[in-house]
Amino acid sequence: MRIVVFSDSHGSYRSAESVILKNKEASIFVHLGDGERDVSALRAKYPELDIRSVSGNCDFLGEPCPKLIIDTEYARILCVHGHRHGVKSGLEFLRADAVEDNCAVALFGHTHSRLLSYSNGIYFMNPGSCSVPRDGKPRSYGYIDLTEAGIFTGIADLKSMDN
């Protein structure tokens, strides 16, 4: 099972859609906030896809959804934007939330900077931003492959919106 994770599109529908178009085979898509209009438009254009999302600090139109837990056959996944967990200062609050919810994976955005780490049984991922990265790297998205053999996480560049 593949889950594709993206975040912080901030009104760049084309960037958000490029993640979808590169990964149509994914089982689940997760947008980690700051792009509620983009997510709404994606859901309307691709109703056959399982697109889930949480609210970011710049999302004000829809019903707030600060946290989402995805239960799969292989792992439980915590999804947040990160601003309520203080992720710009560290991952302690996010880790505590993941432990409390018995999650093996914790996903967050907000910083617009990529991060992949594993600590004390929890995989942490920030896919960076699919539209406005702040880490000097290209626009990006993340993916999680869940299998009987384990959990594999990665981050991919969105070098061009045309390929």
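Author: Start with helix 2, residues 36-45: helix 2 gives the most to the lining of the largest pocket, with five residues. Keep in mind that this is a predicted model.

Reader: How much space lies in the largest pocket?

Author: About 180 Å³.

Reader: Which classes of residue make up the lining of the largest pocket?

Author: Six lining residues are polar, five are charged and four are nonpolar.

Reader: Now strand 9. Why is strand 9 called largely enclosed?

Author: Buried means under 20% relative accessible area. Six of the eight residues of strand 9 (residues 140-147) are buried, so strand 9 is largely enclosed by the rest of the structure.

Reader: How do you know that strand 9 pairs with strand 1?

Author: Two strands pair if there are at least two bridges between them. Strand 1 (residues 2-6) and strand 9 have four bridges, in the antiparallel sense. So the pair qualifies. I3 has I144 in strand 9 as its bridge partner.

Reader: What about strand 9 and strand 10?

Author: Strand 9 and strand 10 (residues 150-157) are joined by eight bridges, again antiparallel. At least two are needed, so these strands pair as well. Opposite Y143 stands G154 in strand 10.

Reader: How many residues lie between strand 9 and strand 10 in their hairpin?

Author: Two residues lie between them.

Key. Residues are numbered from 1 along each chain as its sequence is written. This is a predicted model: local features need pLDDT of at least 70, side-chain atom pairs count only at pLDDT 80 or more; totals for chains, interfaces and linings use all residues. Side-chain values use heavy atoms; hydrogens and water are left out. On a 1 Å grid over the protein atoms alone, a cavity is a set of points where a 1.4 Å probe fits but cannot get out, and a pocket is an open set with protein on both sides within 12 Å along at least five of seven lines; lining residues have an atom within 4 Å of a point. Grid points are joined across faces, edges and corners, and a volume is the space filled by probe spheres set on the points. Ala, Val, Leu, Ile, Met, Phe, Trp, Tyr, Cys and Pro count as nonpolar, Asp, Glu, Lys and Arg as charged, and the others, Gly among them, as polar. Buried means under 20% relative accessible area, exposed over 50%, partly exposed in between (1.4 Å probe, protein chains only).
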